Amino acid sequence: SGNHAGVALLLWLGKKANYSAESAKQFAEDEDLRFWRRCTTCGPMRDWMVGKLPKLDALTAFQPMQGLVFQQLFDPVSSTFTYALGCVETQETILIDPVLEQKDRDLAALREQGLSLKYVVNTHCHADHITSGGMIRK
């Protein structure tokens, strides 16, 4: 059925784009996929699909290279990713594209990793959200 095809498509896209379960949910809502919003019997399919993707709904922290700390944070309201890049040796971090409403979460995540914030960078003008850079600076 179309619902099964929607589940398969979203799972394929999620795996291909390395979506977390939270990102896939947001994508399904944004695209108004029928099996996600309008199907009253599709709950088991949704649950199965979400279970096949990594959780990572708010924070992903790992060290892809020795000496580098990388954190990816996600704001589901604006569908915005914020990134923290840090140095293990100096414990200094740069925060990229922070979201105003997530300021406390972002700073708490850095503290939990034992990192201190050195810089905030906005990579472009953000029409989808307000940056928290100014509030962090205060």
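**Disulfide, helix packing and loops in a predicted model**

Me: Which residue does a disulfide join to Cys39?

Reply: This is a predicted model, in which local features need pLDDT of at least 70 and side-chain atom pairs count only at pLDDT 80 or more, while totals for chains, interfaces and linings use all residues. Residues are numbered from 1 along each chain as its sequence is written, and side-chain values use heavy atoms, with hydrogens and water left out. A disulfide is taken here as a pair of cysteine sulfur atoms within 2.5 Å, and the structure holds one disulfide. With an S to S distance of 2.0 Å, the disulfide joins Cys39 to Cys42.

Me: Is the disulfide of Cys39 and Cys42 left-handed or right-handed?

Reply: A disulfide is a covalent bond between the sulfur atoms of two cysteines. The torsion about the S-S bond of Cys39 and Cys42 is about 75°, and the disulfide is therefore right-handed.

Me: Are Cys39 and Cys42 buried or exposed?

Reply: Burial is judged by relative accessible area, with buried under 20%, exposed over 50% and partly exposed in between (1.4 Å probe, protein chains only). Thr41, whose place is in the loop between α3 and α4, has a relative accessible area of 64% and is therefore exposed. Both Cys39 and Cys42, on the other hand, are buried.

Me: What is the pattern of the protein chain, read along the sequence?

Reply: Helices (H or I, at least four residues) and strands (E, at least two) are DSSP runs, numbered from the N terminus. On that basis the protein chain has six helices and five strands. Read along the sequence, they follow the pattern α-α-α-α-β-β-β-β-α-β-α.

Me: Are α1 and α4 roughly parallel or roughly antiparallel to each other?

Reply: Two packed helices are described by the angle between their axes and the distance between the axes. The axes, which are lines fitted to C-alpha atoms (for helices over the stretch in contact, with angles from 0 to 180 degrees between N-to-C directions), come within 10 Å and cross at roughly 15° for helix α1 (residues 2–16) and helix α4 (residues 43–51). Angles under 35 degrees count as roughly parallel, over 145 as roughly antiparallel, 65 to 115 as roughly perpendicular and the rest as oblique. Helices α1 and α4 are therefore roughly parallel.

Me: Which residues of α4 make the contact with α1?

Reply: Contact means heavy atoms within 4.5 Å. From α1, the contact is made by Asn3, His4, Val7, Leu10 and Leu11. On the side of α4, the contact is made by Met45, Trp48 and Met49.

Me: Which helices and strands do the buried residues of α2 pack against?

Reply: In helix α2 (residues 21–30), the buried residues are Ala21, Glu22, Ser23, Ala24, Gln26 and Ala28. After the helix comes Asp32, whose phi is positive, near 55°. The buried residues of α2 pack against α1, α3 (34–37), α4, β2 and β3.

Me: How far apart in space are Asp97 and His124, C-alpha to C-alpha?

Reply: Asp97 lies in the loop between β4 (92–96) and α5 (103–112), and because its relative accessibility is 8%, Asp97 counts as buried. Asp97 has a positive phi of about 55° although it is not a glycine. Asp97 and His124 are 27 residues apart in sequence, and in space their C-alpha atoms are separated by 8.2 Å.

Me: What is the relative accessible area of Ser79?

Reply: Ser79 is found in the loop between β2 (68–75) and β3 (80–87). Its phi is near 55°, a positive value in a residue other than glycine. Ser79 is partly exposed, because its relative accessible area is 31%.
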